[in-house]
Structure formats: C-alpha cells, structure tokens
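Subject: A structure for you to explore

Hi there,

Here is the structure I promised to pass on. Have a look at it first, and then read my notes below.

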Amino acid sequence: MIVGTNACGSGARLPLLRHAETDSQAIYDALTDEKSGTFDAADVHLLLGPAATTRKMKESLRSAALDMTPSDILFVYFAGHAVMSRWQHQSDPYLVTSDLDLNSLREDPDGGVRMSFLWRDVFHVAAGSSFLILDCCHAGAYLTTGGADPVRLRQELPQAIEEAHEGHRPARHSALFACAANQVARENDDLRGGVVTHHVLRALQGKAADARGGVTFGSLVEYVRAQDIEPEPGCVVQGWGPATVLTRPAFGTGEATGNTRPEPRPVAATSITACRNPMESELGLIEKLLERAFRSAGGPTRPDGSDRHAALGVLRHAFDASAVLELKLSGAESVIVGSAGDLSQETLSEAFPVVASVVRQDRSVLGHVITPASGPRLLVVPLTSTDTEAMSALVVVDPAPAFLDIGEPLVVIASTMLTRWSPRDLLKAEVDVLTALRAEFGRLPLRLYRQGLSAYSRLLESLVMVFEPVMILSDRANTVGIQSWEALARTDSKARRAPLDVLSIPDVWGDEFLIERDKSLATKAIHSYALAHSRGPWGNDAPKPVSINVSVRALLSAAYAHGLADAIREAGLAQYAVTLEISERDPIEPRSDEWDRWKPNPSAYFQARLATLSRNLHVNFAVDDFGVGHSSLDRISTLSLTQIKVDRSILHHALALKELELVVQLARTAMDRGHTAQPRVVVVEGFDAESPVRLSDIYNLGIRYVQGYITEEPASIDLLPLNLDLRERIAAFLR
C-alpha cells in the first residue's frame with residue numbers, strides 16, 4: 001500500500017507539498033521493478049493525489065490486514081503531511097489525505113486516518129510480517145498511539161527487539177519514521193523529494209544491498225540512519241525486518257548493475273566488525289518457522305493419532321504448505337507412509353519419480369528443492385536410513401517461498417520435527433530441534449543460542465525429583481535402615497529411568513548448558529528433599545544426608561557454587577547434609593585454554609577446588625560410577641571424599657569380589673594416612689535380584705551399604721521408610 005499526496009487538507013494552515021506524490025511513485029517503481037523488485041504490481045495499491053482519500057486508504061489497509069496469512073507481508077509507505085487536531089489532547093496525528101477536513105474532526109474524530117488506526121486496526125491485527133515507512137511530520141508519534149509504550153527513537157538496531165513490549169506492538173512489525181513526534185520532516189528541491197525518501201530510494205537501488213545482493217528492511221533502515229539527516233529518523237526493527245528482502249538490485253537496473261556485487265559503503269579505518277555466522281542472514285526466517293511450529297495458535301494443539309502423524313500436520317502448518325507427506329521408496333515403488341493436507345493425484349504421479357531420483361542420487365546432500373516447469377514446488381528431505389534399498393523421504397508440497405531461502409538449516413528443522421515431535425511435550429521437541437541445529441552446524445547465531453538455553457532451562461524445570469534410599473546392611477532386622485538418600489531426576493513421579501536424552505543435551509551445547517543443568521537440578525533436588533522430609537513420617541528428626549550428582553565442569557563454576565549455597569540456605573539443611581557425587585564418566589582435566597591455571601599438577605588443582613567448596617559450602621564429596629569411564633585408583637586415593645559409589649557393572653565382572661575387596665582397601669587409605677578418623681563409606685549401587693554377587697558376599701567384604709531395587713520399591717517423591725518385612729528378609733540373607 002503506497003500513498004502519496006501533496007494536499008494540505010481543508011482547515012489546516014499548511015503549504016502544498018511538491019514531491020510527496022513523485023516520491024510515492026518512485027517507491028512503487030522500485031518495489032515492483034520486473035528485474036529487481038520483489039513485489040508483484042498486481043498486489044500493490046497505489047493511491048496518488050486525489051485518489052488518496054480517507055475512505056480508500058482505510059478500506060484498503062483494513063482489508064489487507066484482515067486477509068493476511070502468517071506467511072504474507074504487508075508493506076505500507078506514506079508521503080505527505082501529518083497534522084495534529086486541536087480537538088484531541090493525546091498525541092495521535094492524522095495523515096493528511098486528499099479530502100481531509102480538519103474542522104469536521106470535532107464531531108467525527110474518525111473522519112481521518114489517525115496513526116492509532118494504523119497501529120490498532122491494521123498492523124496489530126495483521127497475521128503476517130509488516131513494514132511501515134512514514135515520511136511526514138510527527139511520524140514518531142506512531143509509537144505512542146494505541147496504548148503502546150514509548151520507545152526511544154535513537155535506539156540501536158540490535159536493541160529494538162529487546163525493547164519491544166509484547167502486546168504493545170506486533171512482534172513481526174518494523175517501521176521507519178522520518179522524524180520524532182512533534183518534529184518536522186523536510187523536502188529538498190535539490191534532491192527533488194523528501195530527504196528521508198531520497199535515502200530510502202538509494203538504499204533500495206543498491207546502497208543497502210548485502211553480500212547476497214538483497215536489500216532487506218533492516219539493511220535499508222541501517223543505511224538511512226547512517227546518513228547525516230536532521231532531524232534524525234527513528235525506527236523499530238524486529239521480527240523479520242533483517243530477513244525480508246525488498247529488492248535485489250544486483251539483478252536489476254538500479255545503481256548496482258549486471259552480476260557484480262553492489263559497491264560497499266566506505267568504512268572508517270578503525271571499524272571492527274565481527275565475522276557473521278552464516279545462519280545470521282536467515283535468522284529471522286528460522287525464528288519465524290520455529291514460532292509457527294511451537295507457539296502458533298493456528299497449529300495443531302492436540303495429539304491426533306501417532307506422534308509421526310501429528311508431526312506431519314504441524315509441519316504443514318509451520319511451512320504454510322499445501323501438503324506434507326512421508327514416502328517410503330523401495331525399488332521402483334513409492335509408498336505414502338503418512339500425509340497431511342490436500343494431495344493432487346496428478347501432482348503425486350509426476351512428483352514420485354523425481355523425488356525418488358534425487359533421494360537416491362546423492363545421500364550426502366541434506367535436502368533438495370524441486371521446481372518443476374509446472375505445478376507446485378517441492379522440498380525433499382531424505383530421512384536417515386541404513387537400508388540402501390528401502391529409503392524414506394519427507395516431502396513438503398508448495399511451502400511458503402521465503403522459507404526455502406533458509407537452506408540446509410531448514411532441512412535439519414524439518415527432519416528433526418518429524419522424528420522427535422511429541423504433542424505432549426512441545427518444549428522437549430523445540431529443544432531437540434535447536435540441538436539438532438547446534439550439532440549439525442556448530443556455532444549458532446546468538447539469539448538462537450539464547451533461545452536454546454532458555455528452552456532447556458524450562459525443560460529442566462519441568463523435571464521432578466525422586467529419592468532412592470542408601471540402605472544400611474545388618475544381620476539384625478532392627479538395625480537394617482536408611483543411611484542417606486540420592487536425588488534422581490525423572491520426567492514424572494512414575495518414571496523408572498533417568499531422562500538421559502534430556503540430561504545429555506549439554507554434550508552438544510557445551511559448558512554453559514551443563515552448568516545450567518547441574519545448578520537447576522541441584523536447586524530442585526534440595527528444595528524437593530526438604531519438602532519431602534517435612535511431609536514424611538520422620539517427626540522432628542533432622543534430615544538424613546542427601547546425595548546429588550554433579551559434573552566436574554560445574555564444580556569449577558562460581559555460578560553453580562552460588563546457586564547451590566542459596567538452595568542449601570533456603571532449605572535450612574544442616575552443614576554437610578549434602579554430598580556431591582562426582583561421576584567417574586567425567587575427566588578431571590583442563591580445557592586447552594586452561595592449562596596455565598591448572599599447572600603444575602591438575603590433580604592438586606582440582607583437589608584444592610574441592611577443599612574450597614567444602615569449606616565454604618559445608619558439603620561432602622563422593623565418587624560416583626566407580627568402575628566405568630575415567631575410573632582410577634589415583635582419583636580415589638587423592639581426592640577428599642567421604643563416599644565411593646561402585647557402579648553396578650562391577651557386580652557382573654568375573655572377578656567382582658576381588659575388585660570390591662580392592663575398593664574396600666582403597667577406602668581405608670585416607671584413614672591409614674591419618675587424613676580421616678574413619679574409612680570412606682563404600683556403597684554398591686544398582687544391586688537387585690539379577691546381581692550375580694550375593695548380598696552376603698558383599699557384607700562379608702565389610703561393605704555395609706547398598707542402593708538399588710533391593711528395596712523392591714521404585715524411587716519416590718516421598719521419603720518412604722523401610723517396612724518390617726523387608727528389613728527381616730535383608731537380615732535373613734546376611735545370616
């Protein structure tokens with residue numbers, strides 16, 4: 001929608017403009033240029049001069065906004081006067097249309113196009129992405145209309161998204177203003193147009209083109225604001241502003257001609273620019289696709305058949321596609337395994353051979369876009385398979401064209417959504433998609449990284465803590481009891497196994513995710529433990545010790561230590577009531593950039609770190625999973641530990657009893673050296689009815705503690721006491 005009028009309105013003391021209508025025509029020509037423009041002239045409303053009436057402008061804008069789909073783009077440009085009405089007290093200027101009568105606004109305040117109309121009745125209801133350029137006086141007042149919070153006009157572009165208030169402005173709306181509220185926009189006869197529009201046109205003609213030859217709304221705004229314009233233009237760039245291409249002048253007839261890259265703007269000698277992530281250029285589209293998949297109100301919200309079937313429906317909605325189907329390709333046959341949407345039999349018969357050909361042709365390619373001479377465009381994603389004869393592929397029929405610019409990340413998103421989708425756990429599915437992008441492409445744009453960290457933090461918060469007892473062994477029933485508890489993370493209170501797929505996500509992302517995991521779960525474990533004790537049958541007894549798993553890297557983090565200290569204090573646990581179990585699966589070694597801090601002895605450095613934490617936080621340390629991973633006798637003998645937890649895998653070794661005997665001897669070393677008053681506690685984990693080693697054999701070695709399904713009860717959110725029958729059976733085994 002492009003509107004330009006030189007009119008000054010009836011009843012207003014304003015001069016006729018000279019260039020607003022020619023400016024609007026020039027904007028129209030640039031956007032609809034057959035070679036460089038990205039808008040079809042048939043989709044553009046151009047209202048110039050007398051045609052720019054209040055009624056036409058309102059009806060056209062309102063109709064366009066209401067008819068939009070999420071994949072549509074609404075672009076509005078206005079050049080002309082804007083005026084304040086003396087009949088209203090708030091800052092809500094009118095755009096001066098060709099028939100505006102300022103005097104009539106006293107009785108009919110809606111008789112003109114107010115900026116609040118643009119915000120409230122146009123852009124706020126538009127389902128897709130939207131862009132606004134106001135080259136008029138008072139342009140910046142748009143930000144304060146319709147109940148929106150004011151936004152500083154001098155904000156830097158990267159801050160625009162951070163400072164957008166949800167609910168006050170559409171999240172996918174960007175705007176450029178010729179001036180702030182109560183300021184005057186200018187025409188320049190030498191430039192033969194409005195000053196801001198002059199630079200907008202230069203931007204569209206190539207001055208703001210990126211390395212790929214496209215001019216986005218974001219690059220246009222950045223170029224215009226870099227010019228020495230008084231008053232300084234204001235802007236809001238968010239959503240898909242940095243991604244939506246308005247013109248491609250490198251392929252047109254503008255200032256950048258032929259196939260050469262547009263001449264870059266001069267940069268000061270002292271300028272320092274970070275190398276961009278290759279995904280940055282399509283970041284807006286990636287965010288838009290994820291939003292449609294996981295947060296769009298228009299998508300499927302309930303389980304519908306299998307997760308695989310539900311995933312196809314969600315993919316169709318997210319891609320704004322006419323259909324999505326999963327194919328199984330076996331020999332010359334193509335079988336539809338599942339589908340969503342309207343499928344033309346003619347389209348299928350023509351597409352199947354082509355799809356089969358490209359899938360088999362090059363398995364190293366992540367995906368293909370098939371553009372036939374006639375018919376819909378297809379996105380073809382080969383699905384992982386070890387069977388070279390029977391292969392599968394995901395086919396997206398006629399997706400929104402803009403999404404295809406994403407390239408390989410689009411393929412990773414689509415295939416991961418199909419294989420990991422769960423309507424019952426959208427948060428986990430979103431984390432899986434982001435993790436797949438991280439695994440495939442390494443470093444992600446910062447916004448996607450932060451989105452992944454935030455989603456993972458919420459996913460951890462959704463887990464629950466259950467408690468498994470460490471049992472005291474005795475040949476007398478009245479002294480069989482509970483020595484301590486271990487806190488274990490579960491997806492829900494009835495789950496029997498740890499959610500390893502959730503806990504292993506930091507393996508892909510790195511230390512920040514790992515520290516967030518350990519800090520979140522430690523906090524949840526401590527608070528849950530205090531609550532479980534308070535509602536249990538333990539009366540006024542002090543809580544028994546509780547063990548929490550921790551990684552080596554988290555123990556080196558100040559953030560983890562602070563979070564743990566706060567949780568212990570808030571729960572009111574006694575000193576040394578918390579034991580941190582260090583997994584033998586973690587190496588105790590520095591990263592490549594940490595050697596200077598760990599010198600000369602890495603073991604001594606880590607031991608000093610444990611001593612500091614023990615002294616400051618009043619916690620104990622244990623070795624967990626002994627017998628797997630990085631198990632070493634040196635680790636047991638040198639670290640300040642109070643417990644050694646033996647992994648259940650040792651129980652299945654041929655020399656299990658000899659290995660357990662060695663662990664018992666190692667547990668005494670600290671006492672033999674005079675470092676402790678008693679030997680370290682040895683706990684055998686995972687003991688159950690299938691263990692080849694008898695309970696009496698463990699007891700006879702001097703081991704007095706076991707943990708596992710020996711209690712015949714799964715770990716629980718409650719601290720359950722041992723019943724008398726169980727205690728008598730344990731004592732009988734040992735006798």
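Let's start with a pair of helices. Leu-283, Ile-286, Glu-287 and Leu-290 in H7 meet Arg-447, Leu-448 and Gln-451 in H12, where a contact means heavy atoms within 4.5 Å. Helices here are DSSP runs of H or I with at least four residues, strands are E runs of at least two, and both are numbered from the N terminus. By class, this H7–H12 contact has 4 nonpolar, 1 polar and 2 charged residues. (Ala, Val, Leu, Ile, Met, Phe, Trp, Tyr, Cys and Pro count as nonpolar, Asp, Glu, Lys and Arg as charged, and the others, Gly among them, as polar.)

How do the two helices lie? The axes of H7 (residues 283–294) and H12 (residues 446–461) come within 10 Å and cross at roughly 25 degrees; axes are lines fitted to C-alpha atoms over the stretch in contact, with angles from 0 to 180 degrees between N-to-C directions. H7 and H12 are therefore roughly parallel, as angles under 35 degrees count as roughly parallel, over 145 as roughly antiparallel, 65 to 115 as roughly perpendicular and the rest as oblique.

Before going on, please note that this is a predicted model: local features need pLDDT of at least 70 and side-chain atom pairs pLDDT 80 or more, while totals for chains, interfaces and linings use all residues. Residues are numbered from 1 along each chain as its sequence is written, and side-chain values use heavy atoms, leaving out hydrogens and water.

Now compare a second pair. H8 (residues 307–319) and H10 (residues 408–420) pack at about 150 degrees, their axes 8 Å apart, which makes H8 roughly antiparallel to H10. Among the residues in this contact are Leu-315 and Phe-319 of H8 and Ala-414 and Met-417 of H10. The H8–H10 contact has 9 nonpolar, 1 polar and 1 charged residues.

Phe-319 turns up again in the largest nonpolar core, where Phe-319, Leu-555 and Leu-580 touch the most other members of its 127 residues. (Such a core is a set of buried Ala, Val, Leu, Ile, Met, Phe, Trp, Tyr and Cys residues joined through side-chain atoms within 4.5 Å; buried means under 20% relative accessible area with a 1.4 Å probe, counting protein chains only.) Helix H15 (residues 511–534) gives the most to this core, with 9 residues. A second, separate core of 66 residues includes Ala-30 and Leu-118.

Finally, the whole protein has 24 helices and 26 strands, and 51% of its 735 residues count as buried.

Enjoy exploring!

Conventions:
Buried < 20%, exposed > 50% of the residue type's maximum accessible area, 1.4 Å probe, protein only.
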